[in-house]
Amino acid sequence: MKRVYVNEQWCLGCHLCEYNCAFANSGIDDMVKALKGKDIFPRVHIEDGEDGIHFAVSCRHCKDPMCVKSCIAGAISIEDGVVKIDRDKCVGCLTCVLVCPYGAVAPGPNGAAQKCELCLQNSCGAPACVTGCPNNAIVYEER
Amino acid sequence: MSEYVIIGNGTAAVGCIEGIRSADSESSITVISAEEHHVYSRPLISYYLEGKTDLEKMKYRPEDFYTKNNVKLIYGKAVKCDSKKQFITLADKQKLHYDKLCLCTGSSPFVPPFEGLDKVKNKFSFMTLDDALALEKALDKKAKVLIVGAGLIGLKCAEGIAERVGSITVCDLADRVLSSILDSKCAAVMQKRLEEHGISFLLGDTAVRFEKDKAVMKSGKEVRFDILVLAVGVRAETELARQTDCEVNRGIVIDTSMKTSTDSIYAAGDCAEGYDSSIGANRVLAILPNAYMQGRCAGINMAGGSSVFDDAVPMNSIGFFGLHCATAGSYPEDGEVCEEQVCGGIRRLYIKDGRLYGYMLIGDVNRAGIYTSLVREQTVFNEEDIDKLKKFPTLAIFSYESRRKKLGGVV
């Protein structure tokens with residue numbers, strides 16, 4: 001299946017992916033209205049390390065995911081290889097945050113956990129972080 | 001074709017079913033459930049009372065789970081296990097043969113023999129859905145509630161009913177809340193949050209005697225109540241295993257393939273005493289993720305596969321009134337404790353010999369899983385990387401090459 005992969009050497013640390021992600025998942029069609037003056041909850045985040053390194057981290061859609069095995073509500077499942085959270089079922093206990101070795105799950109605006117679902121559930125249809133990355137530092141492909 | 005029997009219908013049982021079916025789609029699986037409910041998540045009962053979930057959403061697996069996995073579900077109680085002839089007898093005398101058996105019997109509330117407890121009419125445990133439904137019926141906006149036990153169960157109960165009762169007092173023999181997962185400093189932060197929401201505490205004190213609507217404490221204090229919740233602790237349910245020659249300590253002893261000491265019998269979940277890699281010894285780790293992983297490992301092995309689960313560590317994610325807390329690992333006394341106060345919360349890391357042994361985070365728990373994985377994998381780092389870790393959980397501590405594999409490959 002296609003996943004989001006990171007080419008660390010190309011990442012400029014511009015954080016555009018975070019904004020594109022938050023916009024794509026906002027359900028609002030105007031970027032300014034969606035993001036301006038608001039706390040944003042992107043599902044991809046850039047780690048800015050010391051020594052000038054930057055890299056994006058989002059859900060790896062692991063083959064044997066810790067979050068799925070650990071979810072106390074049975075709210076995380078795998079559908080055609082995509083790890084998905086049923087946010088209506090989620091009670092926000094954050095056990096998924098406790099176990100994800102990549103730090104790729106985080107609470108969203110209403111406390112329920114959220115993470116990258118490859119923009120398959122929103123109107124983009126393909127990861128907005130990838131589409132908007134100016135330097136091909138994040139790609140969406142089969143590996 | 002084999003006959004698989006699973007005693008219990010909780011998280012470990014689901015793990016076991018999914019484990020078996022990953023390797024054997026044909027053979028029969030029978031689940032014996034003492035509770036007459038579709039598999040639900042027990043830790044959600046407090047969220048149910050709080051109104052954050054409902055009976056439908058509490059189902060741990062979808063409605064068609066048993067049918068899809070070709071599982072025969074029997075509501076009943078297994079009372080006898082004959083490990084020589086490989087038979088299980090139910091309370092209604094029904095006999096079931098098994099080729100492979102998995103004990104997922106969980107735990108049950110431990111109630112100390114308090115004097116006068118029988119005089120209390122409105123008393124509840126807080127473990128099962130039926131407990132929660134019974135408690136719910138007794139809830140009243142004016143009710144005074146006494147909860148005995150300031151552990152995970154007692155406090156989640158307190159949070160769940162806080163808006164639906166008049167007052168809540170929680171007592172515990174320990175001198176702090178959540179004593180099984182937090183040290184005094186972290187516990188104090190959590191206690192403060194609970195108190196801000198109207199919950200009062202009597203710590204280092206316990207009930208010695210009950211009257212109809214009153215507890216007399218060790219300190220001599222008297223606490224009046226309309227509702228009593230007993231959340232002192234739980235005990236592994238090991239009765240069936242004891243009838244066989246399975247080794248049983250605090251729980252049913254299992255190896256890293258989830259096998260008990262008796263042929264063809266496996267155990268998983270809160271009833272089992274498995275390997276805890278953080279202490280290098282067996283112990284009961286009664287946490288939900290562990291139950292699933294043990295169950296799954298057992299299931300794969302029952303079906304002839306080979307699975308090992310040898311990296312379990314204690315870990316908990318729990319929150320009260322919006323204040324989250326994440327903990328994992330062990331807390332060596334001879335190591336370094338790195339502490340930082342961060343926006344209303346606290347971060348404590350327990351470091352020794354270049355390794356993160358354990359941590360407690362209160363407030364900001366974001367990306368705690370990076371810490372958990374380092375505890376679980378027992379990764380050793382140099383001082384410079386440890387310094388990075390102390391600031392926040394980060395993947396920047398790994399080498400470029402290792403990150404390339406993690407973020408640029410299929411994992």
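This is a predicted model: local features need pLDDT of at least 70, side-chain atom pairs count only at pLDDT 80 or more; totals for chains, interfaces and linings use all residues.
**Entry 1: Asp80(A)**
Is Asp80(A) buried or exposed? I found 7 C-beta neighbours inside 10 Å, so Asp80(A) counts as exposed, because the cut-off for exposed is 12 or fewer. I then looked up its place in chain A: Asp80(A) sits in the loop between β4 (76-79) and β5 (82-85).

**Entry 2: His61(A)**
Next I turned to His61(A), whose phi is also positive, near 50 degrees, in a residue other than glycine. Where in chain A is His61(A) found? I traced His61(A) to the loop between β3 (54-57) and α3 (66-70). Here I counted 22 other C-beta atoms within 10 Å, so His61(A) is buried; the cut-off for that is 20 or more.

**Entry 3: two helices of chain B**
I moved on to chain B and looked at how α1 (residues 11-23) packs with α8. Their axes are 6 Å apart, at an angle of about 35 degrees. The crossing of α1(B) past α8(B) is right-handed. Which residues meet here? On the α1(B) side I wrote down several, including Val14(B), Ile17(B) and Glu18(B). On the α8(B) side, Leu288(B), Tyr292(B) and Arg296(B) are among them. By class, I listed 15 nonpolar, seven polar and two charged residues for this contact.

**Entry 4: where chain B touches chain A**
How many residues does each chain give to the contact? I read off 33 residues from chain A and 41 residues from chain B. On the chain B side, the elements that give two or more residues are α8 (288-302), β22 (315-320), β23 (323-329), α9 (368-377) and α11 (400-408). Among these, α11(B) gives the most, with six residues. I sorted that side by class too: 22 nonpolar, 12 polar and seven charged residues. I was pleased to meet α8(B) again, as this helix also packs with α1(B).

**Entry 5: domains of chain B**
Last, I checked the domain assignment of chain B, which gives domain 1 (3-108 + 235-302), domain 2 (117-232) and domain 3 (322-408). The centres of domain 2 and domain 3 of chain B, taken over C-alpha atoms, are 33 Å apart. Their contact takes eight residues from domain 2 and eight residues from domain 3. On the domain 2 side I noted five nonpolar, no polar and three charged residues.

Terms used: Residues are numbered from 1 along each chain as its sequence is written. Chains are lettered from A and ligands numbered from 1 in the order in which they are written. Two residues are in contact if their C-beta atoms, placed from the backbone, lie within 7 Å. Helices (H or I, at least four residues) and strands (E, at least two) are DSSP runs, numbered from the N terminus. Ala, Val, Leu, Ile, Met, Phe, Trp, Tyr, Cys and Pro count as nonpolar, Asp, Glu, Lys and Arg as charged, and the others, Gly among them, as polar. Axes are lines fitted to C-alpha atoms, for helices over the stretch in contact, and angles run from 0 to 180 degrees between N-to-C directions. A crossing is left-handed if the near helix is turned anticlockwise from the far one by less than a right angle, and right-handed if clockwise. Domain bounds come from an automatic or database domain assignment.
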